[in-house]
Amino acid sequence: MKQKNKSITAEPVYKAFIYVVLITLAILIIVPVGWVFLASIKQNSEFYGNPWALPAGFYWQNFVDAWNAASMGSYMLNSVIVTALSLVLLLVIALPAAYCLSRFNFVGSKLLNTCFMAGLFINVNYIVVPIFLMLKDGDLWLKNLIGNGFLLNNIFVLALVYASTALPFTIYLLSGYFATLPHDFEEAAYIDGAGYGATMIRIIFPMAQPSIITIILFNFLSFWNEYIISMTLMSSATGQKTLPVGLLNLMQAQQSAAEYGILYAGLVLVMLPTLILYVCVQKKLTQGMTVGGLKG
């Protein structure tokens with residue numbers, strides 16, 4: 001009885017501790033984000049007083065200047081193109097690959113699974129320089145062959161690199177989910193005369209919709225906020241930089257000009273799409289992540 005009473009007494013204390021930790025973490029995240037949003041609508045003269053003071057009004061000209069004068073609109077368009085193209089390439093490659101690796105046994109399937117599993121432990125930032133050197137050598141070879149190189153400073157090549165580096169995690173998550181699906185539906189489709197491709201597209205993919213939505217959302221957030229690869233591979237493309245790289249240029253320009261309102265407006269333009277997307281789909285994102293790891 002004493003042990004039971006002790007556990008009953010300790011449970012509210014433990015819950016209170018968890019709530020305190022979670023509330024503290026939430027404050028540490030919400031306060032800086034909220035401060036950036038408030039700073040984005042301040043006039044430049046308001047930054048020289050109390051930094052925590054509320055804005056005197058809504059100065060929307062910061063967003064207009066960031067969008068037009070700082071070219072954040074073109075940077076955002078480039079990010080949209082790169083992110084959309086990367087997702088399309090990733091889905092076209094990863095969905096059939098994950099389906100075959102999880103549902104069929106063939107020569108080399110275990111080796112491929114091992115290779116993709118090993119890819120999970122490679123930090124993409126560590127291999128940016130080899131990727132850059134490989135593309136640079138490819139450009140030199142193309143210049144000698146056809147007189148022009150197109151592998152560097154190309155948003156389509158950047159999208160291909162994004163999709164390639166996201167393959168290990170995406171295939172791991174999808175194959176883990178595909179493996180949990182029963183084989184009865186496939187067998188019924190085969191009896192009705194459907195081929196492997198039709199069965200995969202019409203039967204398996206609709207059943208795996210939660211996992212597919214998860215990898216789309218997860219990779220969207222990753223591609224949209226990616227900076228190091230884009231900065232390295234698009235170093236000379238002035239008009240084709242993505243939004244995070246363009247934001248760095250804006251920060252450097254506005255810090256020297258002391259135009260802090262435009263700077264924070266640019267930060268909001270980068271954060272806002274991801275925040276809205278995450279708030280709308282956070283439940284599906286976390287549920288798909290956990291379901292995908294049930295069986296592998």
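**Close-up 1. Aromatic pairs in the predicted model.** By the ring-pairing rule, with centres within 6.5 Å, the count in this predicted model comes to 11 aromatic pairs. Two of the stacked pairs, Tyr162 with Phe223 and Phe178 with Phe205, are presented in the views that follow.

**Close-up 2. The stacked pair of Tyr162 and Phe223.** The ring centres of Tyr162 and Phe223 are 5.5 Å apart and their planes stand at 5 degrees, so the pair counts as stacked, given that planes under 30 degrees apart meet that description. Because Tyr162 belongs to helix H6 (residues 155-178) and Phe223 to helix H9 (residues 209-225), the pair ties together parts that are 61 residues apart in sequence. Tyr162 and Phe223 are both buried.

**Close-up 3. The stacked pair of Phe178 and Phe205.** Here the ring centres of Phe178 and Phe205 lie 6.2 Å apart with their planes at 20 degrees, and the pair is therefore stacked. Phe178 lies in helix H6 and Phe205 in helix H8 (residues 196-207), so this pair ties together parts that are 27 residues apart in sequence. Phe178 is buried, with a relative accessible area of 1%, and Phe205 is likewise buried, with a relative accessible area of 15%.

**Close-up 4. An aromatic cluster that includes Phe178 and Phe205.** Together with Tyr99, Phe104, Tyr190 and Tyr196, the residues Phe178 and Phe205 form one aromatic cluster.

**Close-up 5. Residues 292-296, where the pLDDT is below 50.** The protein averages a pLDDT of 82, and 89% of the residues score at least 70. Over residues 292-296, however, the pLDDT is below 50, although this stretch has seven contacts in the model beyond near neighbours in sequence. Where pLDDT is low, the predicted coordinates should not be read in detail.

Notes:
Residues numbered from 1 in each chain as written. Predicted model: local features only at pLDDT ≥ 70, side-chain atom pairs only at ≥ 80, totals over all residues. Heavy atoms only, no water. Phe/Tyr/Trp six-rings, centres within 6.5 Å; stacked < 30°, edge-to-face > 60°. Helix = DSSP H or I, 4+ residues; strand = E, 2+ residues; numbered from the N terminus. Buried < 20%, exposed > 50% of the residue type's maximum accessible area, 1.4 Å probe, protein only. pLDDT = per-residue confidence, 0-100. Contact = heavy atoms within 4.5 Å.
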